Amino acid sequence: MIDYAQALNEAQYAAATSGDGPVLVVAGAGSGKTRTIVYRLAWLAERGVSPSAMLLLTFTRKAAQEMLQRAGMLLGQGLSGVQGGTFHAFAYGVLRRWHPPWLGERPFTVMDAADITAAVKHCKDELRLGKGDRSFPKTQSIVGLLSKARNKELPLEEVLRHEAFHLLPHAEGLTALGEAYTAYRHEKGLLDYDDLLFELETLLRENQTAATTLRQRFSHILVDEYQDTNLVQARIVRLLAGSPDMRDGEEDGGQKAVTGNVMAVGDEAQSIYAFRGANVRNILDFPTFFPGTRIIRLEENYRSTKPVLNVANSLLSHAAESFRKTLFTRKEGGDPVRLVTPLSDMSQAKLVVRRVEELLDRHLPHEIAVLFRAGFHSYNLEMALNQAGIPFRKYGGLRYTEAAHVKDVIAYARLVLNPLDLPAFARVAGMHSGIGPKTVQKLYAAALAGDAKSTEKAFARHPGLLEDMRFVDDLRARPTSPASLFGAVLEYYRPKLESQYPEDWPRRQQGLEEIIQMAAGYTELDLFVADLALESPEEDENDGEGRITLSTVHSAKGLEWNAVLIIDLVEDRFPSRHALARPEDFEEERRLMYVACTRARQNLELYAPAAIYSRAERGSLHVNQSPFVRELAPGLTEEWVEGFGGVLSRRGGFSGNGATHGSRLLPPARTAVPAPVPAAARAEGEGAAFDDCQLWPESDAPAPDAPIPPRFAAQRPEPTPAGKSGADADRLCHCRHRIFGRGKIIKHLPPDKVQVNFPGFGLKVILTEYLLMEN
DNA sequence: TGTTGCTCCCTTTTT
DNA sequence: GGGAGCAACA
């Protein structure tokens, strides 16, 4: 028997060993949530609950597997048979057995992100929407809006009203587009991510056999990261557990099997998926929906040292929301949190590489992570790491399965499973020259009509495609394991790969071979293909050991490392410029920052470069520090500033420069009076922003109304089309950046920013008007 | 008519 | 680096 009381603290113990009935575990970051779930699983197993009666819904399959494995080790036996994974993967498993009736006998395919985009684009073109109208949103944004409306279960118009006011004139067109997209999926037998959840809900409501079977089977349900569930996911939990308010409907049938043994685990301070419809109300309302809910709070943090927690707590203390929570730890000491200010994003990459090399003396590679807000923020760093020969693994951003060559290969497998899979057919057909979107449609229509003669005629002009189809038919006729099927596809695809990507096909080929490894874990091809769309299966565990991790903060959820470096902590990146439409969006960014910081056990380092290279502007833009960095009280961090030549120096407190806490709004480069940029830096184009302009140390800065130094005064800008004279911009720059010169306001960027150009400097700056008001 | 090539622009987060 | 829009080509 396991000594639960010994292994767990009081609250954890209460959660792990609670009897039947609903339980809500509110678990702060690093409070031993996973440990609690693991012991809960073991405890249930010890009490005779069959593993196959447990359903463990987690954020990733990996998280579920890890918990099951740990629970199994605790018990000294395997815990196989537990269903575990994401809501979407679970839904697929169920729908695979109980087909949605409207599909009839047709097989269905789960759409991946590219399929969804292509389908929406297709419908948009069909409806002739947005042709020549620049104000009409791009396909990508439409996909986001449609999905958001479904996830929040609001009419599209309502979503537009709240988050994209400027698109309201297109509400009608977009709504029609949404309907066309739905019709498209129905017609083609396709399910997107949202469909999986809604179809599962429909099944549980309308198919009594299925509902009863599932309720009888799953007597104990555990849901992790409950704060990130959306409305339909919460209803699915209720339907599966059969909470009382669901009983007044038609589903009185399986009452005997309804137990309400649900344990929901979550933390409202870590809610970071509102953008896809996650609803914090779910966790708050849980006790209402499940009367008699026992609420257990885990508040002691076992993960992080004091300095790390101080920063995390400070972030939450500035939150607008009321969930003021403070984590506490008994871990004394610990390294200070570093706040580093590189000169630019390019030098940030170098500094991070250098720092990672230092940290590698103390930590194993897999104990170090670099986190960022968006996938593309790490591009520079990836190159620098490659140059330095430091292996890494990246999570988030573009996925493995989204690389073009990988999609090609998967398309063959999808056609084997479902000959009518239009997106896959389009992909395979499109590889042949001379076949574009229109021809694809014609060929597909011909094949669908089933008229052998006309089909043959249509395909006759494309012998290469005909060969592809024969290859696929052959594969279908001779069923093999998923791994050997992909082996055959890879061999067949090889010549196409070489001609398609003459420069780098060997690299891609290497990547493709990973597919066989991944497929080896599956016996059913359709499960594997669905998982490729739903959650990228892990490559083999072993080679992850020697690599550091790069990850978006979202993908870092639930994970922890000894050392965590967060990069690009500047305005417009973190928080993301797209996330500032509404105050609550800003709060979600704050929680995201909180999640990022609480991933660290010992070392936390924040990087806020003073300038960021912008391809569009062909130069470095000066950027402001992230508000999350600016608001940190000085004592919480140890500050390091990069001078020219890559020299890092400790900043000696705040005295001496006449700087106050408030003045930290200024870019810290003010402490280093720039020497001429070294030739080496010029050669690389780095620090372009600094080549021709000067940053003054704050103490030396003339008053805002001081005369403009003659060198710059010569540049007298014209009044701008944007309607503001150069003098306005001038003043702006005095206040915010201590850059002297006359700028032109080029563009007003709603809601509150302006872009200012400094002719003759090659410098463009985006300024926030509301910050100007502060001065 | 449909495909391909060129240029400009913008780049969130995930299932 | 990819999508969208436009122009030239088959």
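1. Is Pro583 buried or exposed in this predicted model? Pro583 is exposed, because 8 other C-beta atoms lie within 10 Å of its own, where a residue is called buried at 20 or more such atoms, exposed at 12 or fewer and partly exposed in between, with C-beta atoms placed from the backbone. The residue belongs to helix 25 (residues 583-597), helices being DSSP runs of H or I with at least four residues and strands being runs of E with at least two, numbered from the N terminus. Pro583 and Arg547 are 36 residues apart in sequence, and their C-alpha atoms are 38 Å apart in space.

2. On conventions, the model is predicted, so that local features need pLDDT of at least 70 and side-chain atom pairs count only at pLDDT 80 or more, whereas totals for chains, interfaces and linings use all residues. Residues are numbered from 1 along each chain as its sequence is written, while chains are lettered from A and ligands numbered from 1 in the order in which they are written.

3. Chain A is divided into domain 1 (4-96 + 195-298), domain 2 (109-188), domain 3 (306-396 + 544-658), domain 4 (400-527) and domain 5 (671-774), with bounds that come from an automatic or database domain assignment. Between the C-alpha centres of domain 1 and domain 4 the distance is 38 Å.

4. Around DNA strand B there are 30 residues, of which His88, Gly375, Gly396, Gly436 and Thr439 come nearest; a residue counts as near when its C-beta atom, placed from the backbone, lies within 6 Å of the molecule or strand. Helix 19 (residues 437-449) gives the most to this surface, with three residues. By class the surface near DNA strand B holds ten nonpolar, 16 polar and four charged residues, where Ala, Val, Leu, Ile, Met, Phe, Trp, Tyr, Cys and Pro count as nonpolar, Asp, Glu, Lys and Arg as charged, and the others, Gly among them, as polar.

5. The residues around DNA strand C are Lys121, Gly130, Gly132, Lys138, Thr139, Ala404 and Arg615. By class, one is nonpolar, three are polar and three are charged.

6. Strand 2 (residues 54-57) is joined to strand 3 by three bridges, and the two run parallel; Leu55 has Gln83 as its bridge partner in strand 3.

7. An open sheet of eight strands, with mixed pairing, has the order 11-12-10-13-14-9-17-18. Strand 11 (392-395) and strand 18 (648-650) stand at its edges with a single partner strand each, so one side of each is left without a neighbour in the sheet. Strand 10 (residues 368-372) and strand 13 (residues 561-566) run parallel and are joined by four bridges, and Leu371 stands opposite Ile566 in strand 13.

8. Gly397 lies in the loop between strand 11 and helix 17 (404-417), and it is partly exposed because 18 other C-beta atoms lie within 10 Å. Its C-alpha atom is separated by 33 Å from that of Leu103, 294 residues apart along the chain.

Notes. Pairing = 2+ DSSP bridges.
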